[in-house]
Amino acid sequence: KFFSIIAHDLKSPFLGFLGLTKIMAEEASSFSDQELAQLGNEMHQTADNLFNLLKNLLEWAQIQKGEISSQPKEFLLSDQIAENVEVIKKRNQQKGISISNTITDIIHAYADKNMTNSVIINLLSNAVKFTNRNGTVSISAKEIKDQMIEVSIRDTGVGMPKSMVEKLFILGEKTGRKGTENE
């Protein structure tokens, strides 16, 4: 189950990275030195984001296995969400999907930052994966009562049939499917 979750969470960011390398491999001769340097910088940033995602997922797996405990601390959720939007930026650009981060307030959270990061990047990646070309994804967050924070991710995607929704939280049930461009 852990491997399945980790593989699922890495697929979308890797598709963005593969898209960058494909462009560079197929069209390198048509780019100026400045454009190649920019592409190289974007590839490095994407690789760094993928490494951090992998590290977070492996830490999450250790927590799930009871090898390390949750480490809640205060952090800026608003900044973390902005970083996550950047992580998936290449993939949404490849599909022509606009992502809107509507968070304007500084939002402090007290939680395990790595676990929170894994959940948000997973939800954003799925929103992009299941949204058709030229669609939209938006993320918002607000503080609600009793020291709670509500994070909302909306998309113009294809949605899920009721039969799939019913299986989402049943351990061992497979609910995976291909995205709108077979990713």
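**Calling things by their cut-offs**

Mentor: Let's start with K142 and E150, whose side chains form a salt bridge at 3.9 Å, N to O.

Trainee: What makes the contact between K142 and E150 a salt bridge?

Mentor: The term asks for a side-chain nitrogen of Lys or Arg within 4 Å of a carboxyl oxygen of Asp or Glu. K142 and E150 sit at 3.9 Å, so the pair passes. The general idea is that side chains of opposite charge can pair when their charged atoms come close. A word on the source: this is a predicted model, so local features need pLDDT of at least 70 and side-chain atom pairs need pLDDT 80 or more, while totals for chains, interfaces and linings use all residues. Residues are numbered from 1 along each chain as its sequence is written, and side-chain values use heavy atoms, with hydrogens and water left out.

Trainee: How many salt bridges does the structure hold?

Mentor: There are 3. K89 and E86 make one of them, at 3.1 Å from N to O. R133 and E181 make another, at 3.0 Å from N to O. That pair ties together distant parts of the chain, 48 residues apart: R133 is in the loop between α5 (113–129) and β4 (136–144), E181 in the segment after α6.

Trainee: Are R133 and E181 buried, exposed or something in between, and how do you know?

Mentor: Buried means under 20% relative accessible area, exposed means over 50%, and partly exposed is in between, using a 1.4 Å probe and protein chains only. R133 has 44%, so it counts as partly exposed. E181 lands in that class too, with 32%. For K142 the value is 47%, hence partly exposed, and E150 gets the label at 38%.

Trainee: Why is Q147 put in its accessibility class?

Mentor: Its relative accessible area is 82%, so Q147 is exposed. N134 is exposed as well, because it has 62%.

Trainee: What makes a set of residues a nonpolar core?

Mentor: A core is a set of buried Ala, Val, Leu, Ile, Met, Phe, Trp, Tyr and Cys residues joined through side-chain atoms within 4.5 Å. The largest one here has 22 residues, with L77, I81, I88, L124 and V137 touching the most other members. Two or more residues each come from α2 (33–64), α3 (77–87), α5 and β4, and α5 gives the largest share, 5 residues. With neighbours within four places in sequence left out, I88 is in contact with I99, I121, L124, S125 and V128. A second, separate core of 5 residues includes L20, L39, M43 and L50.

Trainee: Why do M160, V165, L168 and F169 count as a patch?

Mentor: Patch residues have over 30% relative accessible area and no salt bridge; like charges are joined within 9 Å, nonpolar side chains (Val, Leu, Ile, Met, Phe, Trp, Tyr) within 5 Å. V165, in helix α6 (residues 162–165), has 41%, so it clears that area cut-off and is partly exposed. Together the four expose about 430 Å² of accessible area, computed by the Shrake-Rupley method with a 1.4 Å probe, where only the protein chains shown count as cover for residues.

Conventions: Helix = DSSP H or I, 4+ residues; strand = E, 2+ residues; numbered from the N terminus. Contact = heavy atoms within 4.5 Å.
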